[in-house]
Amino acid sequence: MLNDRTSPLSLLATRRSGRPRDLVAPGPDAAQLDQILEIAARTPDHGKIAPWRFVVVGPEQRDALATVITTAYRAERPQAAATEIAALEQFAQQAPTLVVLLFSPRTASHIPLWEQELSVGAVGMNLLHAAHALGFAGGWLTGWPSYSDAVRDAFGAAPERIAGFFFVGTPSRPLEERPRPDLSAIITKWEG
């Protein structure tokens with residue numbers, strides 16, 4: 001069973017993201033979403049500088065997000081095919097809940113930028129863990145919209161960057177396991 005919530009370890013051992021296009025209502029209500037974001041923020045954060053922030057995109061804002069994304073894409077790629085534009089419009093409409101996670105580097109801090117980047121990644125993983133622990137499924141997407149300055153500017157400004165779009169909802173079909181790394185290929189013992 002994927003996302004088995006019978007114990008904390010079973011959830012971690014069976015955690016599986018949901019494909020955002022397959023996530024449907026219900027999504028988390030306002031109190032559940034607040035809980036998810038509060039848990040996400042309980043992450044390693046050297047210096048307690050919170051080099052990240054969340055932007056919640058409500059269902060009533062999805063059309064506006066689709067417009068931002070497609071306008072930015074057309075400006076960068078004026079010859080874009082209709083299928084590319086349709087895929088980007090669909091990107092903005094997935095799942096009942098959407099949280100945009102922004103990396104907000106604290107450039108005046110003595111904390112190395114690399115450590116700040118690691119922290120935002122941990123926030124993203126905690127967000128998914130919290131969503132799954134509440135019985136939902138989440139998917140973390142990047143893709144072209146995450147790397148567009150014009151899309152980023154709809155949520156913030158440089159030097160911020162979009163760390164990802166987090167889609168949360170209920171799976172419309174059973175989750176499928178994906179291949180995982182062979183541990184013998186990724187674990188070594190240091191011999192000193």
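1. The lining of the largest pocket has six nonpolar, four polar and five charged residues. Here Ala, Val, Leu, Ile, Met, Phe, Trp, Tyr, Cys and Pro count as nonpolar, Asp, Glu, Lys and Arg as charged, and the others, Gly among them, as polar. The model is predicted: local features need pLDDT of at least 70, side-chain atom pairs count only at pLDDT 80 or more, and totals for chains, interfaces and linings use all residues. Residues are numbered from 1 along each chain as its sequence is written, and side-chain values use heavy atoms, with hydrogens and water left out.

2. The volume of this largest pocket is about 250 Å³. Of its 15 lining residues, Phe103, Tyr147, Arg161, Ile162 and Ala163 are the closest to the centre. At least two lining residues come from each of α5 (113-133), α6 (144-147), α7 (149-152) and β5 (161-171). Helices (H or I, at least four residues) and strands (E, at least two) are DSSP runs, numbered from the N terminus. On a 1 Å grid over the protein atoms alone, a pocket is an open set of points with protein on both sides within 12 Å along at least five of seven lines, a cavity is a set where a 1.4 Å probe fits but cannot get out, and lining residues have an atom within 4 Å of a point. Grid points are joined across faces, edges and corners, and a volume is the space filled by probe spheres set on the points.

3. The largest cavity holds about 80 Å³ of space. Its lining includes Arg16, Arg19, Asp22, Arg173 and Glu176. By class, that lining has three nonpolar, two polar and five charged residues.

4. The search for aromatic pairs (rings of Phe, Tyr and Trp, its six-membered ring, with centres within 6.5 Å; planes under 30 degrees apart are stacked, over 60 edge-to-face, the rest tilted) finds six in the whole structure. Tyr73 and Trp144 form an edge-to-face pair, because their ring centres are 4.9 Å apart and their planes stand at 85°. This pair links distant parts of the chain, with Tyr73 in helix α3 and Trp144 in helix α6, 71 residues apart.

5. Most residues other than glycine have a negative phi, and most peptide bonds are trans. The bond joining Ala25 and Pro26 is cis, with omega about 5°, and Pro26 is in the loop between β1 (23-24) and α2 (30-40). The bond from Ala158 to Pro159 is also cis, with omega near 10°; Pro159 lies in the loop between α7 and β5. Lys48, not a glycine, has a positive phi of about 50°.
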